Every structure is written in structure tokens, then in C-alpha cells.
Amino acid sequence: MNTPQGGALRRALSGLSLALLLAGCAIGPDYQRPRIDLPPAYPHAFDSDTDNAEQGRVAEQWWTLYGNTTLNELVALTLKNNADLRMALAQIDEAEAILAETGANLLPEIDLDASNTKARTSSLTAQPLPPGTPLLTRSSRITLSTAFELDLWGKLRRATQSARAQVLSSRYARDVTALTLAGTTARTYFTLRALDTQIAVTRETLASRDESLTLVKNRARGGLASDLDVYQAQGVRSDAALQLSELQRQRALVEHQLGSLTGTLDLKVAVGDVMGLGLPALPTAGLPASLLERRPDVQQAEQDLIAANAQIGVAKAALLPTFSLSGSYGGHSEKSKNLYEEGARIWSAGPSVHLPIFDAGKYRARTRQAEARQRLSTAAYQKAVESAFREVADALANLEHTSAAVEDTLTKVNAARNALRLSRLRYETGYSGYLDVLDAQRSANAAELALVQNRQALLNYSIDLMKALGGGWSPSRAATQAQR
């Protein structure tokens, strides 16, 4: 086919083939996950010599492992009512809308324009109107127009890639928020229970010191004790009363915090005992490399890095020519009823190109900005991975050393109780002064509170480990949600 029409067709097909070839690639760097060297194992780790699918996996609703109905209800209320989660959900909706807008740029936009105008021309202008020219004119116009940018350099596809990563980042941020809120609620609840137990211990201490004060007063009246003993007994009794008042104040504040977390500002939690809360079987830590997939905050940091990496391509594409196709089709006539007649037809079509010639370095500066943001996101990803490793290592160390201290704490409590009993007997029989009783009372009270605090610490460190290992978050579940 050697006709001029055949040559034009061949040129058009060649241009289309070139455009399709160029459209297959996108300018800018393709994403590759940064290499971060992690130690082969955690310090203080237990049973972490393999890294299978189950190891280090925490139950999705990990707080139910403690077997406490009140805790389950509080966490459920938090995940339902907390304002931080509603904010995170709104951010997801915003990111998805941005992705939809960015993706729409890959397709042509079709617009409808219609007008019906009536205009009068002045007859007193410097240039007289030709004879017969009407002063009053009417005009009706209707057109369909479209414009389409050819994404030869991948600018629009890189922008869509960045927006998609931001959607995933917002979803992972929601998971981070939910994990943090569940952990904070559990820790706050354990603090409340620890305060309940400390209040109970302090009340027993106060009752014991009331008995001691009565005993000392009776001995003073009988001439067997001095007023100094009475004053000292009154002082330690007041110490216990003040301690009880302070613990009750702290409990009220913690209960208010639970109310804020759960969105129930008038929340009232019945009194309980922290010593009755069981410590669940803890998950093994697995290998450090598995944190890259198990932690939603690490996944969020990686998606932020992917988004920043794609923006480099967007910035670089702005330095290259932009090719667009535009066209319109419609009708234009004096009367609207004639718009659809053959003689009223109007149309236009053609390509256009835009190339910045002189911009005083503006677009190159934008490219440097994008590259700097990519390096910033890389450092943030590295920091997220390193923080994840440290949090697991810290939780393991805390659990190991706090568990080892349980037996010593129990021994200290039993020794303090026996010392208090013997000091009272010696005082009552006159073998020692009241100062020994005072010291024994203070030691016994401190030991009892230390036992409660040790239990609270164990519970809190178990929460830290579950959170550090991902807190039941599932990468496959998050990916499914992202696809939806």
C-alpha cells in the first residue's frame, strides 16, 4: 500500500507503537526494600531457634488470654468507641479518595458545555456596523469535550503507585492505633487492679496499726510504755491513713482514664485483685527478621517509603515533555432548535505538547526534594525496624528478670511478716522497745506492696511482649482489607 493514505496510516501505527512501548516503562527508581542487618537472635530469647509461621504469632484478640471478662469488655469498648480509632478510619477514607482521584487521571475526562446567550451590540461605536447588521443577536452552543494526557514517562502511574502506598500506610496506621489502644487499656486495667490490691493491703496495715496504737495506749496507762511510744504509734498510724488516701486518689484517676479510653466517661469498675489475674502462656519471639512482616508499624513505614520513592518518578517526569490529546464535538447555531442539524456541527481534535524551557531550576529542585524525602523515609523505616527489635528484646529481658525476682519477693514478704510478729511479741513481753515494732511494720508494708508491684510488672511486661511481636496483627488479613 503505497498511497499517501497508506503512508499516513503507517506513520500513525508507528507512533502508536512507540507510545505503547514508552508507556510500558516509568521514569524514576523502582522500589527495593532496604537491607537492614539484624542480629541472628534476641538477647534473653527463649525457644527461638526456628522461624516458622506459628512462632511469634500472637492470638488476634490477645487480651482474652488473660481470662478476665472485665478486661475483655473494656478492650471491646475501646476498639468500638475510642476517638483515635475514628480519626484513623477517617484518614483511611481520605487516602482511598485520593487514590481514586489519582487513578482517574489515567483515563480521559469528558465534559459537557452548553450555553444559550442573547447579546446586544452598541450602535455608537467608533467603527460603524455594516448595514443590515442586527444589534441583537442570539447564540446557542452545546459541545462534548475531552482531554487526555499520554502517560509516556509514567508520571501518572507513579502518582497512582504513591497514592496506593498511602492507602496501605493509613490502614497499617489504623492497625497500629488499635494495637496501641488495646495495650494501653490492658495496662491501665492492670494498674487499677494493682491499686485495688494495694488499697486492700493498706487497709489491713491501717487496722493492724490501730491495734498497735490501742495496745501502746493501754501499756502507757499501765506505766509499761512511755508517751514517746504513743506518739510514734500515732505517727505510723497516720502514715498508713495518708497512704490509703493517696492510693484511693490514684485509683479514681486511673478509672477516669479507662473511661476516656473506652468512650464511657461515667465508667465504674468494681474492685478486684491483681494477684488473681493469671499470666498467660507467652509466645516465643521467633527470629528478628520476622518482625518485618509481623509489625504493622514496620509495614506502615515501608509503605511510606514506597510512596516517597514513587514521588521521585513524578518529579523527574515533570522535566520531560507532556503530550496530550484533546477534542470536542457539538453544535453552534443562532436558534437552539437548529443545534442538531448538519450545518450546526462544530468539532476540533489534535495533539499538544508542553515542555518547560526555562524554569530557573524549579523542577530540578522539586526532584531533589523528592529524593530527600525518600532518604528521610528510608531512615524512618530503618528506625522502625530497629525500634521493633529493641522493644522485643526489652520485653524479653524484663520478663526474664522480673520472673526471677518473684521467689525473692515472696521470701521477703514472709520474712517481714515473721519479723513483725516476733517484734510485737518481744515488745509485749518487754524484751525490746517499740522502735523494733515500727521498723518491722514499715518493712512488712513495703514488702507487701512490692509483691503487688511485682505482679503488676509481670502482667505489663507480658503485654509489652505481645505488642512488640505484633499483637495478633495479621499481614494476610491487612492485605485482604487493602484489596477491598
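**Ground rules.** I worked from a predicted model, where local features need pLDDT of at least 70, side-chain atom pairs count only at pLDDT 80 or more, and totals for chains, interfaces and linings use all residues. Residues are numbered from 1 along each chain as its sequence is written, and side-chain values use heavy atoms, without hydrogens and water.

**Cavity.** A cavity here is a set of points on a 1 Å grid over the protein atoms alone where a 1.4 Å probe fits but cannot get out; lining residues have an atom within 4 Å of a point. The largest cavity holds about 60 Å³, the volume being the space filled by probe spheres set on points joined across faces, edges and corners. I listed its lining: E149, L150, D151, L152, W153, G154, K155, A317, P321, T322 and F323. β2 (136-150) and β3 (322-333) each give two or more residues to that lining. Strands are DSSP runs of E, at least two residues; helices are runs of H or I, at least four, and both are numbered from the N terminus. I sorted the lining into six nonpolar, two polar and three charged residues. Ala, Val, Leu, Ile, Met, Phe, Trp, Tyr, Cys and Pro count as nonpolar, Asp, Glu, Lys and Arg as charged, and the others, Gly among them, as polar.

**Helix α8.** I followed α8 (residues 362-428) and noted a kink of about 30° centred on V406. The bend is the angle between axes fitted to the seven residues ending there and the seven starting there. Just after α8, G430 has a positive phi of about 85°.

**α4 with α5.** I checked α4 (residues 155-221) against α5 (residues 227-262): the angle is about 160°, the axes 8 Å apart. Axes are lines fitted to C-alpha atoms over the stretch in contact, and angles run from 0 to 180 degrees between N-to-C directions. α4 is therefore roughly antiparallel to α5 (over 145 degrees). Their contact has 19 nonpolar, 12 polar and 11 charged residues.

**α8 with α9.** I found α8 and α9 (residues 434-468) packed at about 160°, axes 7 Å apart. So α8 is roughly antiparallel to α9. I sorted this contact into 24 nonpolar, nine polar and seven charged residues.

Terms used. On a 1 Å grid over the protein atoms alone, a cavity is a set of points where a 1.4 Å probe fits but cannot get out, and a pocket is an open set with protein on both sides within 12 Å along at least five of seven lines; lining residues have an atom within 4 Å of a point. Angles under 35 degrees count as roughly parallel, over 145 as roughly antiparallel, 65 to 115 as roughly perpendicular and the rest as oblique.
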